Amino acid sequence: MVSIETKLKNLEARRKKLMEQRTTVAAELEKARAGRSESLGENGDIEAANTAIRELKNQVGDLDELLGDIDLQFSEATDRLTRERDLLDRNKRADALEKIASAATRRARDVDTAIAALASAVIALRSELPADIRLWPRHNANRPASTHEIVAGVLADALARALPDLFDLSNDDYERSALSLLVPRAVYSDQPTPMSAVDASEALISAQLRELAIGIRTGTEGLPKERDRDLSRVPDEEVFIVKSVSYIATPFGPPLICGRRRVHLLPKPVADLVVSQGLGLRMSSPEGIGALEDEKRLRRDGIAVSGDSSIRFEDCVSLGDPMHLRASPEEIAEVERAIG
């Protein structure tokens, strides 16, 4: 990105010098035209005046060609810089997701260690109970609960008491098995048999985060909220920009600049905003077509040059995020909390 930014600065500096040269030559051209007009009634050397005007017009044309080349290179470099910044941002977010996935796996090992100790305690509890013990009736059954059902009920209630937010505690009627508390609110894995904490964490958390991280890193996926947006349904409109504007055009990277006195293809929400604020004219309107024809005439006559490609963001009217591509402050805060 540093090399691209350096190139953009060099192009801006080169364009500034060429613009100064063009301004000087254009002034000389206007002066020469005025002199020729005055000499018409004074028997002046018209041929010499014509020669001087042709040379100045050629200089203006050459400078315009150079400025056009700079415009093109500046646009291409800006696009590359936007892509590089997008890639950097995607890699940063993908790294954060992978960090969360690794942390979840590490914590799951701690859970497995704790579960091993818990299992020993539960086995010890069960060993204290006679096989024929009968304490409370089994839910929806006309028989007492077995020893393993009793211990399962104790374990279920203990887990639900320690982690109440993970279980449905809405039913306080103890004519049901306490084992029903083991049904959590979360989405289960497709695995048909119970898994270790590490395996369950891998299936439910880490694997999905890593898959999302790969998609974000390669650009085939956005963040979860971005994937819900169908940007392909946003139509485009041609608009002749009267005053330079900038707007958020992608989920990542800097705003896009649309230079004045040019036709730009804009998403409809942006086009509507530009037209409503008097910053542009739709090319589907007579006003837009007329404005473009006037601009072409001025360029042919050497009075105007193409739009200023070195325009700065502070020179633009900022339209913000009219397509709502960026996360809200609340969403950003949520991601930052997740990343830590």
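Of the 340 residues in this protein, 29% count as buried, where buried means under 20% relative accessible area, exposed means over 50%, and partly exposed lies in between (1.4 Å probe, protein chains only). The model is predicted, so local features need pLDDT of at least 70 and side-chain atom pairs count only at pLDDT 80 or more, while totals for chains, interfaces and linings use all residues. Residues are numbered from 1 along each chain as its sequence is written, and side-chain values use heavy atoms, with hydrogens and water left out.

The accessible surface of the protein comes to about 21,700 Å², and 55% of this belongs to carbon and sulfur atoms; the areas come from the Shrake-Rupley method with a 1.4 Å probe. Among contacts with a separation of 6 or more, 67% are between residues 24 or more positions apart, a contact being heavy atoms within 4.5 Å.

The secondary structure comprises eight helices and six strands. Both are DSSP runs numbered from the N terminus: helices are H or I with at least four residues, and strands are E with at least two. From the N terminus on, the order is α-α-α-α-α-β-β-β-β-α-β-α-β-α.

The largest nonpolar core has 16 residues, of which I4, L8, L18, V25, L29 and L56 touch the most other members. Such a core is a set of buried Ala, Val, Leu, Ile, Met, Phe, Trp, Tyr and Cys residues joined through side-chain atoms within 4.5 Å. The elements giving two or more residues to this core are α1 (2–39) and α2 (46–127), and α2 gives the most, with nine residues. Apart from its neighbours within four places in sequence, L8 is in contact with F74, A77, T78 and L81. A second, separate core has 14 residues, including V239, Y247, V270 and A271.

The strands can be taken next. Three of them form an open sheet in the order β3-β2-β6, with mixed pairing. Strands of a sheet pair through backbone hydrogen bonds, either parallel or antiparallel. Here two strands are said to pair if DSSP finds at least two bridges between them. The edge strands, β3 (256–258) and β6 (317–318), each pair on one side only. Strand β2 (residues 245–247) pairs with β3 in the antiparallel sense over three bridges, and V245 has C258 in β3 as its bridge partner.

The loop between β3 and β4 (262–267) contains R261. This residue is not a glycine, yet R261 has a positive phi of about 60 degrees. R261 counts as buried because its relative accessible area is 18%.
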